[in-house]
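Try each one yourself before reading its solution.

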Amino acid sequence: MYTPTRRQFLAGSALSVAALAGCSSSESTGTPAGPLGGVELAGDAVASGFRAPVDVTAPSPGEYFVADQFGQVSYVESAGASPAVAADLTDRMAEPGGEKGLLGIALHPESDGSGRMYVRYSAPLRERMPSNYSHTFVLSEFQLSGGRLDEESERVLLEIPEPQANHNAGAIGFGPDGYLYVAVGDGGGGNDQGRGHVDDWYDAVEGGNGQDVTENLLGSLLRIDVDGGESDATTSEGEGGRPYGIPEDNPLVGEPGLDEHYAWGFRNPWRFSFGPDGRLFVADVGQASYEEINVVERGGNYGWNVREGAHCFRSEECPTTGPDGDPLVDPIIEYPHQGDGITGVSVIGGHVYDGGDIPRLQGRYVFADYVAEGELFVATEGEDGWSLSSVPISGIGPRVLSFGRTPAGELLVCSTGDSGGAVHRVRATDATPE
């Protein structure tokens with residue numbers, strides 16, 4: 001199957017929200033695609049009228065909050081209803097587009113449509129930050145009631161200087177432990193080097209935020225306690241107290257490094273999710289050759305920029321362990337940018353399916369690639385590891401931006417195309433639309 005390079009594809013696309021990876025592609029051989037027991041999928045729109053829906057959360061059956069990259073959080077009271085503006089944050093954001101914008105939302109576990117919502121967005125560069133940097137990574141808490149966020153209630157939890165405009169990640173979500181997990185990209189550019197990229201322990205590739213845990217929070221998955229913190233805390237990285245707590249079992253507590261780090265060695269972990277068994281699945285967007293899915297554990301090092309996927313990056317040979325002797329963790333699934341079989345250019349992380357409407361997907365990890373029009377990818381765990389297949393899907397836009405799930409475990413797909421963006425509920429084609 002031919003897939004255009006990222007440059008070729010985006011040159012003909014009006015929307016560049018998921019231009020998440022690097023530049024060119026290289027020849028490689030991928031896992032052969034094949035049917036999954038003949039299952040075919042379709043998407044039924046439950047909410048529409050968006051420019052770029054990049055996240056969705058469903059606090060109760062038929063009820064949705066949708067994040068649009070261009071600055072609005074919308075509330076959909078029931079499937080098919082017209083979206084209502086829950087919050088408009090455009091006046092506090094950097095100009096959206098490319099990989100900047102309103103990138104993620106998460107409801108506090110105790111919220112059921114009211115309570116607290118957490119929002120990830122790109123803001124203008126703060127005066128205290130390096131003047132040659134691009135913008136500010138912001139994570140904030142808002143009070144939520146009656147389908148609306150109180151915009152005046154914003155409590156900024158975290159601000160990170162972003163040296164360049166891309167590799168911002170965007171996903172946030174609460175784990176089974178009640179802590180908030182925050183995906184942070186490596187700071188942009190190529191190769192994890194250049195402006196804003198610190199020196200690391202690996203000399204073959206100059207620079208590397210992904211392999212540094214002492215100088216900044218870039219290139220990592222963070223874990224914080226939003227119910228902790230100090231009342232007089234400042235909100236900028238590394239200054240004063242924190243407006244959040246640090247889980248005492250975070251891997252670097254009491255060790256060299258910044259306490260917020262939970263796992264590292266990531267390039268651009270655009271989306272992640274927790275499976276029914278509590279495992280954490282992180283999709284990390286690759287640069288020029290490979291896309292990858294990781295099962296992430298506390299303190300794990302997932303290789304970037306020593307490796308891209310399970311392969312040495314810009315070197316014929318590379319270490320298999322980090323500076324502490326712990327192994328660099330291989331992805332459970334990788335696929336190339338070019339070659340035979342399944343290919344793509346920007347992995348879009350999904351969910352382990354645990355709904356009841358599509359039995360043949362039960363227990364499988366379902367995800368996508370930004371340019372894989374008309375198909376979703378399915379990773380299946382077996383005795384010999386994980387295998388990768390693709391399944392056709394109709395009725396959704398050509399560019400998948402993210403996934404969500406209903407309270408019953410059914411899949412939601414956020415996608416966009418020439419006619420705009422929408423959120424779809426996934427079903428088998430032989431099932432009756434709801």
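**Exercise 1.** Find which residues Glu 141 touches, not counting residues up to four places away in sequence.

*Solution.* Start with contacts, meaning heavy atoms within 4.5 Å. Glu 141 then touches Arg 116, Met 117, Tyr 118, Ser 153, Glu 154, Arg 155 and Leu 157. Next, look for a polar contact, here a pair of N or O atoms within 3.5 Å, one able to donate a hydrogen and the other to accept it. The side chains of Glu 141 and Tyr 118 make one at 2.6 Å. Finally, Glu 141 counts as buried because its relative accessibility is 5%, where buried means under 20% relative accessible area with a 1.4 Å probe.

A note on the source: this is a predicted model, in which local features need pLDDT of at least 70 and side-chain atom pairs count only at pLDDT 80 or more, while totals for chains, interfaces and linings use all residues. Residues are numbered from 1 along each chain as its sequence is written, and side-chain values use heavy atoms, leaving out hydrogens and water.

**Exercise 2.** Is Trp 270 buried or exposed?

*Solution.* First, locate Trp 270 in the loop between β13 (261–264) and β14 (271–274). Its relative accessible area is 1%, so Trp 270 is buried. Then follow its side chain, which reaches the backbone oxygen of Leu 401 at 2.9 Å. Last, compare positions: the C-alpha atoms of Trp 270 and Ala 169 are separated by 4.3 Å, although these residues are 101 apart along the chain.

Conventions: Buried means under 20% relative accessible area, exposed over 50%, partly exposed in between (1.4 Å probe, protein chains only). Helices (H or I, at least four residues) and strands (E, at least two) are DSSP runs, numbered from the N terminus.
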